[in-house]
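Let's take a friendly walk through a protein model together. Have a look at the sequence and the 3D view first, then read on.

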Amino acid sequence: MLDHLAAGGPRSGNDTSLATLTPREREVLVEIAQGFTNPEIARRLYLSEATVKTHVGRILAKLRLRDRVHAVIFAYDNGLTLPH
């Protein structure tokens, strides 16, 4: 695990923060963790790109994550996706 995550980074309080996501936000988070771009996620989930961007922003805010990289780490740490 990354040192800055162990020192109170994005993993802090993940049990409760994950529960704050809507089912659709969790779905988008899994897509992010699998490496899909916003346009790809939009096509896969039948959403507009603007809606995907909104979901990504809300996910990052709710989970207190800096960026998509930290969202991927969070998803792996919480068992939402596995390495391919």
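This is a predicted model: local features need pLDDT of at least 70, side-chain atom pairs count only at pLDDT 80 or more; totals for chains, interfaces and linings use all residues.

## A tyrosine out in the open

The backbone here deserves a second look. Most residues other than glycine have a negative phi. Tyrosine 46 is not a glycine, yet its phi is positive, at about 60°.

## Another positive phi

Now move along to the loop between helix 5 and helix 6, where arginine 64 lies. Arginine 64 is not a glycine either, and its phi is positive too, at about 55°. Is arginine 64 buried or exposed? Its relative accessibility is 72%, so arginine 64 counts as exposed.

## The inward side of helix 4

Go back to helix 4, which covers residues 38–45. Four of its residues, Asn38, Ile41, Ala42 and Leu45, are buried. Because these residues cover an arc of only 100° around the axis, they sit on the same side of helix 4.

What do the buried residues of helix 4 pack against? Their partners are helix 3 (23–33), helix 5 (49–63) and helix 6 (68–77).

## The nonpolar core

In soluble globular proteins, nonpolar side chains tend to be buried together. The largest nonpolar core in this model has 19 residues. Within this core, Val28, Leu29, Ile32, Ile59 and Leu63 touch the most other members. Helix 3, helix 4, helix 5 and helix 6 each supply at least two residues of the core. Which helix gives the most? That is helix 5, with five residues.

Setting aside residues up to four places away in sequence, isoleucine 59 touches Leu21, Glu25, Val28, Leu29 and Ile32.

## A buried glutamate

One of the residues that isoleucine 59 touches is Glu25, which lies in helix 3.

Glutamate 25 has several contacts beyond its neighbours within four places in sequence: Thr20, His55, Arg58, Ile59 and Lys62.

Conventions. Residues are numbered from 1 along each chain as its sequence is written. Side-chain values use heavy atoms; hydrogens and water are left out. Buried means under 20% relative accessible area, exposed over 50%, partly exposed in between (1.4 Å probe, protein chains only). The arc is that of the directions from the helix axis to the C-beta atoms. Contact means heavy atoms within 4.5 Å. A nonpolar core is a set of buried Ala, Val, Leu, Ile, Met, Phe, Trp, Tyr and Cys residues joined through side-chain atoms within 4.5 Å.
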